[in-house]
Amino acid sequence: MMTRFALTVVRHGETRFNKEKILQGQGVDEPLSETGFKQAAAAGIFLKNVKFTHVFSSDLTRTKQTTCGILEKSKFCKDMAVKYDSRLRERKYGVAEGRALSELRAMAKAAGEECLMFTPPGGETLAQVKMRGKDFFEFLCQLILKEADEKGQFSQGAPSNSLETSLAKTFPLGKTCAPACNSDSSAPGLAASVLVVSHGAYMRNLFDYLVTDLKCSLPASLSRSELVSVSPNTGISLFIVNFEEGREVQPTVQCVCMNLQEHLNGVTETR
């Protein structure tokens, strides 16, 4: 039996420190700026027709506030309980937290390393962040499988067609997502539609796991530079995950879009 679910990943809205290019990591828990709240509301309006079955957020203030801003605008999920998960926190930057990005670059240069690959003292390595992403993703797969089993896995797929329909109103499913996402009757309906709100560096490492380790298929329009760049604040990415029950095989993942930001058109910066 094939089980499928949608995974929508959103970066938090802007904080004052994002604008000032100061590293927050886990130790600096800044709230959203005025612009950040506007971005969260804009993301919420963009996603308002999507029926989410599960909502997960990092337990830091900027992601909590963004999640709240998104759900406030939802037609279906206003009162949905949010699960806060520390595995979704930003990369830990150790001694560099609260300091300017330029200082991290200087530390990396002094150590003879590329800034992206450099781990400041007390910080997490990229491999550790990726492992947190893998751990959360595997937990999510097991959760959806368990719940699908408990529901007896929809015999006709009818109960979950509404999840797919709601996604199709917002995202280009038919155009970018091959047979598994279109109206092909042989593909089962979505068992779940999951919203995750997290952080820029964390998301880049989670996406690296999906693309590098799970060989996630990508939209033809996605450039290499877009693939390795950090999501803009409230950038939205959508993945469709397929896996077979009872088989020790890795899930297949399709990326419908990555770091989408069209909802931010017209969101003005606060001066």
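Strand 5 (residues 236–244) is mostly covered, with eight of its nine residues buried; buried denotes under 20% relative accessible area, exposed over 50%, and partly exposed in between, with a 1.4 Å probe and protein chains only. Strands (E, at least two residues) and helices (H or I, at least four) are DSSP runs numbered from the N terminus. The model is predicted, so that local features need pLDDT of at least 70 and side-chain atom pairs count only at pLDDT 80 or more, while totals for chains, interfaces and linings use all residues. Residues are numbered from 1 along each chain as its sequence is written, and side-chain values use heavy atoms, with hydrogens and water left out.

Strand 5 pairs with two strands, pairing being assigned if DSSP finds at least two bridges. Strand 1 (residues 2–11) runs antiparallel to strand 5 and is joined to it by nine bridges; Leu7 has Phe239 of strand 5 as its bridge partner. Strand 6 is also antiparallel to strand 5, over six bridges, and Val253 in strand 6 stands opposite Val241.

His263 lies in the segment after strand 6. His263 counts as buried because its relative accessibility is 9%. The His263 side chain reaches the backbone oxygen of Thr234 at 2.8 Å. Apart from neighbours within four places in sequence, His263 is in contact (heavy atoms within 4.5 Å) with Gln39, Ala42, Ala43, Phe46, Thr234 and Ile236.

Cavities were located on a 1 Å grid over the protein atoms alone, as sets of points where a 1.4 Å probe fits but cannot get out; lining residues have an atom within 4 Å of a point. Grid points are joined across faces, edges and corners, and a volume is the space filled by probe spheres set on the points. Two cavities of 30 Å³ or more were found.

The largest cavity holds about 40 Å³ of space. Helix 8 (200–213), helix 9 (224–228) and strand 6 (252–260) each supply at least two residues of its lining, and helix 8 gives the most, with four. Among the lining residues are Arg204, Phe207, Glu226 and Met258. By class the lining comprises five nonpolar, four polar and two charged residues, where Ala, Val, Leu, Ile, Met, Phe, Trp, Tyr, Cys and Pro count as nonpolar, Asp, Glu, Lys and Arg as charged, and the others, Gly among them, as polar.

The second largest cavity has a volume of about 30 Å³. Gly44, Leu47, Lys48, Val50, Phe52, Ile70 and Ser74 form its lining, which divides into four nonpolar, two polar and one charged residues.

Note on methods: 1 Å grid on protein atoms, 1.4 Å probe; cavity = no way out; pocket = protein on both sides within 12 Å on 5 of 7 lines; lining within 4 Å. Polar contact = N/O pair within 3.5 Å; in protein donor to acceptor, adjacent residues only side chain to side chain.
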